[in-house]
Amino acid sequence: MRAPDIAEMTLRVSGRARTAETPLGPVEHAEAGDGPVLLSLHPTMGGWDTGLGMAAAFWSNGWRVIAPSRPGYLGTPAGTGGDPARQADRMAALLDALAIDSCAVVGHCAGGIVGYELAARHPDRVTSLVLISTPTAPDIGVSPGVLRVAMTRPMLAMLMRRDRALLGSSVEDAARRMIGDDSTLGETVVERLARRVAADPSRAAYVTSVWGRRTVRSPERFPGARLDAFEAWDVLEDPPLASVGCPTLVIHGGAEPLGVAHAERAAARIPDTELRVIPQGSHHALWVSDDAAAQQAFALDWVRSHPSG
């Protein structure tokens, strides 16, 4: 499996996006690669750029990746499409605008919620689904009160300034913060892993050009982040997992704050599911764990085994 380095990843996520006009509103998106189609749905504080970055294993290895900015992010206005169900409908409208009948879908965290809504609401459009660290219940390890404070514009701006400064210091410093914030790993383990991540061109590229990309044009991501935080709760009370009819791969870090129970719930309720827990993995385990290359190769081969439209 070919993996891009920091220079190639930076070039991709710093490129240009375009906008598709749909009956449900405009959708900003970017593409990379050639081959069967995969729709990449970014997490909170993301956009088309982070969507391209998290799907690098696909566009580097024979796939055409479509990476939209979900409603409220960058060039896609929130409009009336804030909750996951309406976001899923807008993603289906994007596929219509691009003349794509069906495709594979991968979603990380909040993007995964939109992914399983898309598969449930538009079953003919999704040939296979990969859910990475995706919530399936309201218990996400953060109380509603704390979430309300964390998602204010001043708090989001402060966090992005902090992360930007860490990136300016060193990849190791940024990796330490990223893994420490998004895992239950002890401080010594985080320190050692951060050093190994910084020394690996592929894993370092994820830190700088995907996680770090959140700090670029961050105010244009705040509306979407707030939608993710406050519009998903009703869906998470009763997510439509049993209505997902396509083959589904569920990937979850074993040491991330979003407990493994979320992944186990998806595996128990989605009829055709394979569950893959990465031991001692953080929220970003697929990209920064010590066996990240093997984990991504597994996901790539798994999706290849389920033909895409």
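Tutor: Let's start at E237, which sits in helix α12, covering residues 233-237; helices here are DSSP runs (H or I) of at least four residues, numbered from the N terminus. Keep in mind that this is a predicted model, in which local features need pLDDT of at least 70, side-chain atom pairs count only at pLDDT 80 or more, and totals for chains, interfaces and linings use all residues. Residues are numbered from 1 along each chain as its sequence is written, and side-chain values use heavy atoms, leaving out hydrogens and water.

E237 counts as exposed because its relative accessibility is 57% (exposed is over 50%, buried under 20%, partly exposed in between, with a 1.4 Å probe and protein chains only).

The model holds 21 salt bridges, each a side-chain nitrogen of Lys or Arg within 4 Å of a carboxyl oxygen of Asp or Glu. Let's visit three of them.

One joins R2 to E8, with 2.9 Å between the closest N and O atoms. R2 has a relative accessible area of 40%, so it is partly exposed. E8, at 22%, is partly exposed too.

Next, look at helix α8, which spans residues 171-181. Here R177 and D181 form a salt bridge, their closest N and O atoms lying 3.7 Å apart. The two residues are separated by about one helical turn because they are four residues apart in the helix. R177 is partly exposed, with a relative accessible area of 33%, and D181 is partly exposed at 37%. This pair is also part of a network of salt bridges that links R162, D163, R177, D181 and R214.

Finally, move along to helix α15, residues 292-304, where R304 and D301 are three residues apart, about one turn of the helix. Their salt bridge has its closest N and O atoms 3.3 Å apart. R304 is partly exposed, with a relative accessible area of 44%, and D301 is partly exposed as well, at 45%.
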